[in-house]
Amino acid sequence: MAMQSLTPMLQTSDMERTIAWYGDVLGFRCVRRMGDGWCHLAQDGVSLMFMRNDHLGAPHATATQYIYVDDVNTLWEMLKHRVAPEWGPENTSYGMREFAIKDPDGYLLSFGEPLTQADGMSCRADGEGEARLS
């Protein structure tokens, strides 16, 4: 048994606006949809699902949707006149170059790429083990 992928399922207040924004701004395409209640968006190897459940209240999340990209600077150049940055682009202490924006429902989307390979970065507290950046 192997896990295959993780796809966030996020609440939206307006399905049409969400599909249009992710398509127009980030190039996602709608690969599946069930009326105004659910959709699955994809771009390259990244997937997001959105649902509309009014009984859950307004959309909110405390998590960041972190998307690895192969050229964060080029992506920022493509987006900078269409969105406001929450931060960046900047180099981080954890070895990434990244920036973040918010979608129309307020979800934080962070885009990053590794600055270098995992020199000395470990996934274990004792410093042993291999770090994986992909």
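Trainee: Which residues line the second largest pocket?
Mentor: This is a predicted model, where local features need pLDDT of at least 70, side-chain atom pairs count only at pLDDT 80 or more, and totals for chains, interfaces and linings use all residues. Residues are numbered from 1 along each chain as its sequence is written, and side-chain values use heavy atoms, with hydrogens and water left out. A pocket is an open set of points on a 1 Å grid over the protein atoms alone, where a 1.4 Å probe fits, with protein on both sides within 12 Å along at least five of seven lines; lining residues have an atom within 4 Å of a point. The second largest pocket is lined by Ser-5, Leu-6, Thr-7, Pro-8, Gly-45, Val-46, Ser-47, Leu-48, Gln-65, Tyr-66, Ile-67 and Tyr-68.

Trainee: Which element gives the most to the lining of the second largest pocket?
Mentor: Strands are DSSP runs (E, at least two residues), helices likewise (H or I, at least four), numbered from the N terminus. Two elements give two or more residues to this lining: strand 4 (46-51) and strand 5. The most, four residues, comes from strand 5.

Trainee: How much space lies in the largest pocket?
Mentor: A volume is the space filled by probe spheres set on the grid points, which are joined across faces, edges and corners. For the largest pocket that gives about 340 Å³.
Trainee: Which residues are the closest to its centre?
Mentor: The lining of the largest pocket holds 17 residues. Closest to the centre are Gln-43, Asp-44, Ile-67, Val-69 and Leu-75.

Trainee: Which element gives the largest share of the lining of the largest pocket?
Mentor: Helix 1 (15-26), strand 5 (64-68) and helix 2 (72-79) each give two or more residues. The largest share is four residues, and it comes from helix 2.

Trainee: What is the bridge partner of Ala-100 in strand 8?
Mentor: Strand 7 (residues 96-102) and strand 8 (residues 108-114) are antiparallel and share seven bridges. In strand 8, Ala-100 is partnered by Ser-110.

Notes
Two strands pair if DSSP finds at least two bridges between them.
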